[in-house]
Amino acid sequence: MQVENFPLLRTKLYRPGLAPGHVPRPHLIRLLNHPTHQKLTLVSAPPGFGKTTLIAEWLHSSPVAVAWLSLDEADGDFPRFFRYAVAALQSIWPELGLELLSLLQAPQLPSVEYLATGLVNELADRPEPFMLVFDDLHLAESSQVNQFLETVLAYLPHQGQLVFITRTDPTLPLARLRARSQMVEIRATELRFNPTEIDAFLRRARLKAVPSPETVAALAERTEGWVVGVQLASLSMPHQPDPAAFVKQFTGADRYVMEYLVDEVLTRQTPEVRAFLLRTSILDQFCAPLGEALMAVALDDAAAPALGHDRPAHNGDRLVAGALLETVKQANLFLIPLDSEAGWYRYHHLFRSLLQHGLNLHYSGEVTAALHAAAARWLADHGLIEQAITHSLAAGDALPAVRLIEQHRHALASRDDWPTLEGWLELLPEAVIWQRPGLLLAQAWLAFWRGQSFNVVETRLKAAEDGLTGRARPETEEDQQALAGELDALWSGVYYFRNEPESSIVCAQRALDRLPETLAYLRALAHNFLAFSGRLVGQAAQSIDRLRQALDTTELSSMNVTGRLLNSLITTYATQGALRQVAQTSDTLSKMAAANNAVFWQQWAYLYLGLSHYEWHQLETAAGYLAPIVDSRHYATGLQYREASVYLALTYQAQGRPDQANQVLERLRDWIFKTSNTRFLPQLTSFQARLLLAQGQPAAAMTLSESIELDINNEEFMAAESSGRTRAKLLLAQGTTASLEAAARLVLQLLQVVDQQHNLWRKAEVLALQALVYDAQGLRAPALTALEEAIDLAQTGQLIRTFVDLGPNLLPLLHELRARTSNPAYIDQILAAFPGSTASKPPLHELIEPLTKRELDVLALLVQRYTNKEIAATLVISPLTVKKHTAHIYQKLQVNDRRAAMTRAKELKLFDNER
């Protein structure tokens with residue numbers, strides 16, 4: 001999965017510069033430079049008091065590293081806020097927060113406290129002082145954002161400082177910080193210009209005459225030191241016959257007076273500048289080319305601005321936007337630069353609000369709509385899609401927004417960026433979506449991946465099918481075929497999960513015939529469902545061949561395309577019990593995922609590697625793969641977390657650690673209720689019964705098992721646990737005639753279903769279970785026949801725990817079968833894995849892949865008990881690189897900690913005696 005959920009607007013991360021005519025405020029700078037460390041600097045005042053300018057001046061000469069974030073209303077969405085906050089910090093440390101950012105694409109978003117704590121921990125490892133500035137914090141206030149900021153404030157490392165610039169105080173424990181002298185506060189009282197500062201400001205404004213002390217005093221009284229009021233007055237004063245009288249006539253805090261002053265300012269500008277100011281006021285931020293696009297909007301006579309008798313010159317005569325921007329800057333018209341490279345700017349919020357009032361007053365609604373439409377076209381052409389959608393809708397024309405989403409939705413879906421796609425769809429009226437088959441399909445995919453009712457999915461699929469023949473159908477035959485192929489791909493998934501494999505195969509094959517190669521992610525999904533459904537009808541070998549061919553011939557344009565194909569291949573191998581191929585392909589997937597920072601696919605690879613090593617009775621290695629999934633559950637899908645938890649609990653139980661096994665299940669139960677994944681409850685309950693049986697509590701186990709209803713025909717044989725298999729084991733454990741007969745009947749049902757699903761791995765388990773039932777009934781010959789068939793199926797994948805987990809009653813049968821076979825080595829490995837066995841242990845497998853030279857260097861220092869930081873210093877690499885090398889070493893050595901790595905390195909003789 002991609003880390004970035006949406007394209008970042010980089011200008012939000014630029015620190016504003018100082019405007020021409022800036023008045024230094026040394027007394028406030030001294031207040032900000034408090035001699036003792038403060039966690040928080042709070043600058044809180046109404047609009048127009050120079051809050052941002054003050055902090056920009058303070059930081060202009062500060063040696064401390066600064067991360068700046070300008071917030072807007074959309075940032076109240078916590079994942080978006082967190083993404084931007086980390087991006088701001090990455091302007092100082094590019095590698096910071098990469099793992100945390102990947103959590104934003106996790107199926108279950110972690111708690112705010114988890115993300116805040118993780119970020120604080122990373123900041124604590126950074127020794128240099130830093131500041132994180134949130135400008136316009138009031139725009140992004142939400143309960144989650146406040147919770148995040150409160151946690152960060154509580155545990156912020158000593159070298160860090162937060163700066164909040166806001167119109168209103170945030171809902172945070174400010175009293176506590178104030179009582180502990182951990183906060184510096186600058187408010188409107190301190191920010192007001194005093195007469196000396198007003199005099200300095202007016203002198204820098206280049207008035208025709210130096211204002212008298214009386215005029216300065218009157219302006220201070222009338223504006224009460226309000227910076228914007230002073231600035232607007234200074235723009236009007238040069239045009240007044242009696243500046244002193246003019247100053248006495250207004251009150252700066254009066255909205256109507258402010259609007260009058262803005263009109264005064266506008267009437268003093270050239271037609272081009274006036275038009276530029278009003279037109280660009282529709283934009284949150286802009287650059288010269290974007291301004292140029294708005295200036296190019298043609299006006300008819302009825303739409304002319306009613307600001308005097310002049311109008312903007314014709315296109316051929318008017319100034320270019322760059323020159324207009326320079327004029328606005330020189331006039332000090334509330335323009336705030338956002339960067340020093342691309343030339344992006346924004347207006348002071350209050351000035352922009354007043355300009356918009358003027359725009360609506362002096363221009364017709366048709367012109368305003370035309371401006372929004374022009375902005376939308378320019379933004380779309382330059383890849384700023386979300387902003388383009390917003391302006392298209394503001395223009396009153398949803399069609400360009402619809403086409404933008406239709407045009408870009410595949411790019412988002414191909415990297416599983418469903419949150420962004422969902423956000424775009426939410427901008428559109430629902431009635432519009434129901435008229436567009438492509439958008440209905442987008443909604444259907446969202447519902448499908450989130451496990452919503454198939455009724456929701458199917459309703460949209462049927463509406464999209466109807467739309468293929470409606471007015472909104474694609475214009476070209478090629479596009480129609482692509483949309484029909486996408487419908488087939490999604491129908492294939494629906495039929496697969498409905499256990500209708502024949503229909504799924506038909507749809508998947510039709511999808512592959514229709515979908516173009518450019519929609520590689522949709523073709524990969526069709527291959528997935530074709531393979532899964534093919535296995536259900538006995539075509540596992542053909543499915544494997546098709547998936548290999550797809551991997552060889554498909555242009556693997558993204559990790560998600562490759563990941564889906566490899567994941568399907570691994571799953572199909574697993575159903576055939578081919579665990580060697582499972583492990584090898586999973587290792588390939590793991591390496592590719594690590595190279596692409598694709599945590600989602602890394603989790604799948606670790607799960608398959610963990611279950612493979614568990615089956616091979618390499619318990620420590622299995623735990624090493626499974627525990628990280630369980631510990632970082634937010635990275636995992638519900639299915640990944642459930643299966644990893646079950647296999648880890650089995651591993652701990654097999655290691656003689658029942659308490660840890662039970663703890664894993666308790667965490668799984670808590671997670672199920674917390675995330676409302678109650679569909680997993682029956683399986684969890686059944687597995688708890690299985691674990692109770694393994695821990696010597698058969699009566700309690702049966703009580704739990706009987707509390708859930710069996711559905712043999714829908715047994716999930718890919719899963720580590722199924723209620724039918726566990727119930728059969730419990731009936732066998734009871735050992736009565738009636739229970740054994742019930743177990744025999746149940747096993748026959750399970751064999752029938754597992755044969756229907758063509759799952760050779762689980763068939764081996766059910767046959768071994770049948771052998772135990774036969775043997776308990778005194779039927780030794782049929783028992784040995786069933787066990788022999790199970791061994792034959794399991795030998796290819798070297799399955800061990802499948803048999804060991806059935807308990808010691810299987811030992812006599814295994815010994816007798818061993819005596820009858822010409823090749824007892826495999827049975828010896830199974831026997832050696834039973835607790836208390838005196839048989840020789842199975843040999844350790846060779847390294848999956850040799851260690852690189854750098855990995856050997858790191859391992860040598862690990863063996864000498866160097867810390868990660870010491871290794872980094874010795875090898876002149878970063879601690880993060882050391883961490884990555886260590887993870888690869890553990891994976892290749894099939895271990896989970898340093899001690900085990902040392903032991904394994906000695907066994908493999910990786911170092912000579914002198915090293």
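Colleague: Start with R818. Is R818 buried, partly exposed or exposed?

Modeller: This is a predicted model. Buried means under 20% relative accessible area, and exposed means over 50%. R818 has 31% relative accessibility, so R818 counts as partly exposed.

Colleague: Which residue forms a salt bridge with R818?

Modeller: D828 does. The closest N and O atoms are 2.4 Å apart. D828 lies in helix α43 (residues 825-832) and R818 in helix α42 (residues 811-820), so the pair ties together parts that are 10 residues apart in sequence. D828 has 24% relative accessibility, so D828 also counts as partly exposed.

Colleague: How many salt bridges are found in the whole structure?

Modeller: A search of the whole structure finds 33. The cut-off is a side-chain nitrogen of Lys or Arg within 4 Å of a carboxyl oxygen of Asp or Glu. One of the pairs is D631 with R667, with the closest N and O atoms 3.5 Å apart. D631 sits in helix α32 and R667 in helix α34 (residues 658-674). The two are 36 residues apart, so this pair links distant parts of the chain.

Colleague: How accessible are D631 and R667?

Modeller: D631 is at 46% relative accessibility and counts as partly exposed. R667 is partly exposed too, with a relative accessible area of 33%.

Colleague: What does K12 pair with?

Modeller: K12 forms a salt bridge with D72. Their closest N and O atoms are 3.0 Å apart. K12 lies in the segment before α1 (26-32), and D72 in the loop between β2 (65-70) and α3 (78-90). The pair therefore ties together parts that are 60 residues apart in sequence.

Colleague: Which end of that pair is buried, and which is partly exposed?

Modeller: K12 is buried, at 3% relative accessibility. D72 is partly exposed, at 22%.

Colleague: Which residues are linked with K12 and D72 in a network of salt bridges?

Modeller: D75, R80 and E386 are linked with K12 and D72 in that network.

Colleague: Now helix packing. Which residues of α47 are buried?

Modeller: In helix α47 (residues 898-907), they are A900, A901, M902, R904 and A905.

Colleague: What covers the buried residues of α47?

Modeller: The cover includes α32 (619-631), α44 (853-863) and α46 (879-893). Helix α32 also holds D631 of the salt bridge with R667.

Conventions
Residues are numbered from 1 along each chain as its sequence is written. This is a predicted model: local features need pLDDT of at least 70, side-chain atom pairs count only at pLDDT 80 or more; totals for chains, interfaces and linings use all residues. Side-chain values use heavy atoms; hydrogens and water are left out. Buried means under 20% relative accessible area, exposed over 50%, partly exposed in between (1.4 Å probe, protein chains only). Helices (H or I, at least four residues) and strands (E, at least two) are DSSP runs, numbered from the N terminus. Contact means heavy atoms within 4.5 Å.
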